[in-house]
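Me: I have a model to go through with you. Please take my questions one at a time.

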Amino acid sequence: MAALLSVLFDGVAYGSLLFVISVGMSVTMGLMSFINLAHGAFAMFGGYLAVVLLRRAGLPFAATLPLVMLALAAAGAVAERGLYRWVSRTRPLDQVLFTIGLAFIATAVATYVWGPNQQNIALPAMLTGQVHLGPVDLGAYRLFLIAVVVVITGALHLLVGRTRFGAQLRAAVDNPHAAAGLGIPVDRVFTVSFALGSGLAGLGGALGIDVLGLDPTFPFKYMVYFLVVVVVGGEGSIVGSAAAAIALGVFDVVGKYYIPGAGGFLIYGLMVGLLLVFPHGLFKART
Amino acid sequence: MTAPAPILPDGRWRRADSLLWLAAVVAYVAFPTHRVLGSQVIITALFALSLDLVLGYAGIVSLGHAAFFGLGAYTAALLAVHGWGEPISGLACAGVIAAAAGYATSFLVVRGRALAQLMITLGVGLLFLEAATKAAVVTGGVDGLSDVPIWRVAGLFRFDIAGNTAYGYSLVVAFVCFLAIKRIVSSPFGLSLRAIREGARRMPALGAPVGRRLVAAFTIGAGLAGVAGALLAQTTQFVGLDALDFQRSAAVLIMVSLGGTGRLYGAFVGAGLFMLMQDYLARQSPEYWQLWIGLLLVAVVLFARGGVLGGIDAVRARIGRRRSR
């Protein structure tokens with residue numbers, strides 16, 4: 001029982017990470033039906049930036065996280081204005097080719113700068129080790145992850161539900177044409193949400209170095225996971241993405257723990273199966 | 001626009017058709033030391049041709065087409081390993097099995113929209129790769145199957161290290177497949193595929209069963225990919241997991257887009273360019289090959305939506321307009 005609980009806990013922590021990374025992709029997909037297969041590259045560069053800040057600059061872990069998020073949000077805004085804008089209204093095939101191309105370039109750049117090996121970081125002593133909760137041992141870092149994600153989800157929820165920007169975002173996801181007709185600057189809303197999504201992905205990449213690993217193949221290795229979160233959660237739905245990510249995380253970790261022989265079968269099978277039953281996602285596309 | 005000019009295809013044999021195939025024969029004589037590479041280009045072109053039918057004609061974006069290529073390759077190799085190394089019947093078997101797998105998965109693929117389609121094809125491709133990795137007893141796992149004993153083609157031509165037989169055999173098979181595909185795309189069936197690609201919602205009103213047409217196109221594309229995979233396994237006498245991996249699916253998608261979708265020869269032009277670039281650049285610096293693929297993709301999408309052939313068409317149309325003025 002205790003073992004099951006800590007496996008479930010690991011799954012939730014893993015799913016939380018997937019949520020932080022994927023939520024931006026889900027919003028851009030819902031907002032502009034834009035298929036961004038290079039989204040994982042933002043997470044990867046977030047991870048590398050964190051490694052550089054921690055190791056070279058010697059910054060404390062707590063300081064690197066907001067820095068990474070800001071830097072990647074800026075990078076996302078630049079990429080959206082400079083690159084993605086060119087293809088945002090093209091056929092799905094062009095978007096797929098373009099963003100796979102970006103992911104290849106990101107992989108090559110990361111290999112050139114940091115080499116092909118796995119990166120690792122030394123976590124602060126406070127976040128290592130175990131926390132004993134009755135009979136259950138919980139990893140302190142995973143507890144920290146979940147806490148961070150709960151805070152982020154709450155903030156996102158307030159941002160989308162309670163602010164002017166959130167109202168504009170919801171309107172734009174529901175119907176971009178009508179929203180533009182009402183005078184909502186859909187383009188700017190898109191840029192801001194793209195930047196926010198990229199920043200969150202970068203943060204997720206930095207948080208995930210210890211859990212997901214970090215090497216140049218990152219954008220491709222986790223592409224399927226991000227896609228599952230987006231499609232199963234329903235494009236553009238924050239609550240849906242959170243539910244889908246956590247379900248996916250638990251499913252994957254529990255599967256790997258109890259049926260190690262199944263490997264990738266579970267996750268790929270789950271993806272194909274869910275898409276067959278719910279071709280439009282589990283949650284209707286609403287933020 | 002990326003679509004070719006709206007003229008009805010007639011499937012007639014033109015001078016340009018003869019030229020391309022003659023060029024392939026000339027290349028055999030002219031570059032005797034590059035016959036192995038040549039045979040690989042031909043095989044890859046055939047694989048790209050199979051995707052062109054699925055993508056360029058039926059409009060299905062597939063991120064897992066290597067599944068059928070790999071299935072064909074493993075079928076041919078396993079037949080040979082277990083005592084039946086006759087190449088031509090091996091090809092046929094591979095084609096049939098890949099087509100059957102394509103038929104079975106096509107029902108999953110044709111249901112959804114573009115995003116669901118590419119995710120399901122991606123998922124199916126990854127499932128195949130995972131299956132081959134796990135079934136190491138049968139497939140040899142990471143090591144693959146090497147030194148697969150393939151008999152002489154038609155009992156006469158032994159597969160040699162210089163690639164003489166490989167080149168000729170691949171060329172003949174590719175030519176036969178090309179004729180079949182050319183016939184298919186210029187038939188009423190092929191026309192209905194194009195019509196579905198251009199406006200799937202209107203086709204039922206004309207009495208065309210959209211789902212069934214797409215299933216048929218996907219099945220044929222899968223079968224052809226299987227034949228291409230079998231060719232590679234037979235001519236190299238090796239098959240490994242890379243026959244099934246995502247890189248291969250992505251590469252073939254790149255080739256078709258690079259050459260130009262929905263025009264058959266685009267597959268040849270794209271595969272040729274891609275393979276030659278790969279051969280050259282990978283020899284220069286293998287670690288940056290991915291950078292080149294990435295830049296190539298971005299450049300194709302930004303500057304050459306119709307691929308190379310689309311670009312040539314656009315230039316020709318421009319010159320024509322200037323003349324008529």
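Reply: Start with the order of elements: from the N terminus, chain A runs α-α-α-α-β-β-α-α-α-α-α-α-α-α. Helices (H or I, at least four residues) and strands (E, at least two) are DSSP runs, numbered from the N terminus. This is a predicted model: local features need pLDDT of at least 70, side-chain atom pairs count only at pLDDT 80 or more, and totals for chains, interfaces and linings use all residues. Residues are numbered from 1 along each chain as its sequence is written, while chains are lettered from A and ligands numbered from 1 in the order written.

Me: How many helices and strands does chain A have?

Reply: Both kinds of element occur in the run of chain A. The totals are 12 helices and 2 strands.

Me: What is the radius of gyration of chain A?

Reply: The radius is taken over C-alpha atoms, and the globule rule is 2.2 Å times the number of residues to the power 0.38. For 287 residues, a compact globule would come near 19 Å. Chain A agrees with that, at 18 Å.

Me: How many residues does chain B bring to the contact with chain A?

Reply: Two residues are in contact if their C-beta atoms, placed from the backbone, lie within 7 Å. Chain A gives 31 residues, and chain B gives 35.

Me: Which helix of chain B supplies the largest share of the side that touches chain A?

Reply: Helix 5 (114–134), helix 10 (246–259) and helix 12 (289–303) of chain B each supply at least two residues of that side. The largest share is 13 residues, and it comes from helix 5 of chain B.
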